[in-house]
Amino acid sequence: YLREEILNVKKSVKDLFDLLISNSEKFKDKLLPGYTHLQIAMPSSFGLWFGAYAESFVDDLELLAAAFAVTNKNPLGSGAGYGSSFPLKRKKTTEVLGFATLNWNSVYAQMSRGKTEKIMSMGLSCVAATLSKLAMDAALFMNQNFGFISFPAELTTGSSIMPHKKNPDVFELIRSHCNQIKSLPNEIMMMTTNLPSGYHRDLQLLKEHLFPAFKTLKSCIEMAGLMLSNIEVK
C-alpha cells in the first residue's frame with residue numbers, strides 16, 4: 001500500500017512539474033519584480049518563477065525516491081519480530097511481491113515500523129512545503145495591490161456583501177492543508193519517541209495520521225495544476 005501511494009504522489013508531482021516547465025517557457029518574456037524582504041529588488045520574469053518551483057519539486061522527488069527505497073523492502077516472514085518456526089521462503093515472497101530486497105534481520109523488520117512512516121512523511125512534507133510556498137505566492141500576486149495574475153471567476157470566490165472580490169480560496173486551502181502535512185513528521189516522531197525494540201500498540205495509531213495525508217496531498221497537487229492551467233499573467 002505505502003509503495004503504491006508514494007508512486008501515485010510521484011506521478012502527481014511529475015504532472016505538475018511538466019505544467020510548470022510548460023508555463024515557464026510560455027511566460028519567459030513576461031516581467032515580474034524580484035523581491036527581497038518583500039521589497040522590490042530586481043527585475044525577474046514569470047519564466048523564472050514557474051521554473052523555480054519546477055526545480056524545487058525535482059529535489060522533493062529525490063527525497064520521495066529515497067523514501068520509496070526504504071519502503072520497497074519485504075518484512076514478511078519476520079513474525080512478531082523474532083522469526084518463525086515455519087519454513088518461510090522470504091526471498092521467494094520478496095521476488096513474487098516485487099520488492100527490491102527484504103529486511104534481513106527479523107528484529108529490525110519490526111523496528112522499521114515507525115521509522116519507515118517517519119521517512120515517508122518527510123518526503124510528503126517536502127512536497128507540501130513547496131506547494132504551500134507556491135500557493136502563498138499566488139495568493140499574494142493576485143491581490144489588487146500586486147495585480148500580477150488573475151484566474152477565471154469560476155475558480156475564485158466572491159463575498160455576499162462584497163461581490164467585486166475574487167478571493168484565492170483554492171490557494172488558501174492548499175496552503176493550509178500543506179502546512180498541516182508539514183507537521184506530520186513531528187507528529188510521527190513524537191508518537192514513537194522512547195519506544196524500545198519490539199512491537200507496541202502505539203504504532204497502530206500512525207496509520208490514521210499518515211494514510212489520509214497521501215490523498216490530501218494528491219488532491220492539493222491536482223488542484224494547483226487546475227489553477228495554474230487557467231492562470232492569466234498580466
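**Reading a hairpin, a helix and a core**

Tutor: Let us begin with a pair of residues in this predicted model: G34 stands opposite M42, which belongs to β2.

Student: How many bridges join β1 to β2, and do the strands run parallel or antiparallel?

Tutor: Strand β1 covers residues 31-36 and strand β2 covers residues 39-45; 6 bridges join them, and they run antiparallel. The two strands form a hairpin with 2 residues between them.

Student: What should I look for in the turn of the hairpin?

Tutor: Consider the backbone angle phi. Most residues other than glycine have a negative phi. In this model, H37 has a phi near 60 degrees, a positive value in a residue other than glycine. L38 likewise has a positive phi, near 60 degrees. H37 lies in the loop between β1 and β2, and L38 lies in that loop as well.

Student: Is H37 buried or exposed, and is L38 buried or exposed?

Tutor: Exposed means a relative accessible area over 50%. H37 counts as exposed because its relative accessibility is 77%. L38 is exposed too, since its relative accessible area is 61%.

Student: Which loop residue would show the opposite case?

Tutor: Take N72, found in the loop between α2 (46-71) and β3 (73-74). Buried means under 20% relative accessible area; N72 has 10%, so it is buried. Leaving aside neighbours within four places in sequence, N72 is in contact with R3, G98, F99, A100 and T101.

Student: How should I read a helix, and which residues of α5 are buried?

Tutor: Helix α5, residues 169-182, has 14 residues and reaches 20 Å from its first C-alpha to its last, close to the 20 Å expected at 1.5 Å a residue. Its buried residues include V170, F171, I174, C178 and I181. These cover an arc of only 90 degrees around the axis, which means that they are on the same side of α5. On the other side, L173 and Q180 are exposed.

Student: What covers the buried residues of α5?

Tutor: The covering elements include α4 (106-141), α6 (184-191) and α7 (206-229). As for I174, leaving aside neighbours within four places in sequence, it is in contact with L131, A135, C220, M223 and A224.

Student: How many residues has the largest nonpolar core?

Tutor: The largest nonpolar core has 52 residues, and I174 is among those with the most contacts inside it, as are L131 and L217. Helices α1 (2-26), α2, α4, α5, α6 and α7 each supply at least two residues of this core.

Conventions:
Residues are numbered from 1 along each chain as its sequence is written. This is a predicted model: local features need pLDDT of at least 70, side-chain atom pairs count only at pLDDT 80 or more; totals for chains, interfaces and linings use all residues. Side-chain values use heavy atoms; hydrogens and water are left out. Two strands pair if DSSP finds at least two bridges between them. Helices (H or I, at least four residues) and strands (E, at least two) are DSSP runs, numbered from the N terminus. Buried means under 20% relative accessible area, exposed over 50%, partly exposed in between (1.4 Å probe, protein chains only). Contact means heavy atoms within 4.5 Å. The expected span of a helix is 1.5 Å times one less than its number of residues. The arc is that of the directions from the helix axis to the C-beta atoms. A nonpolar core is a set of buried Ala, Val, Leu, Ile, Met, Phe, Trp, Tyr and Cys residues joined through side-chain atoms within 4.5 Å.
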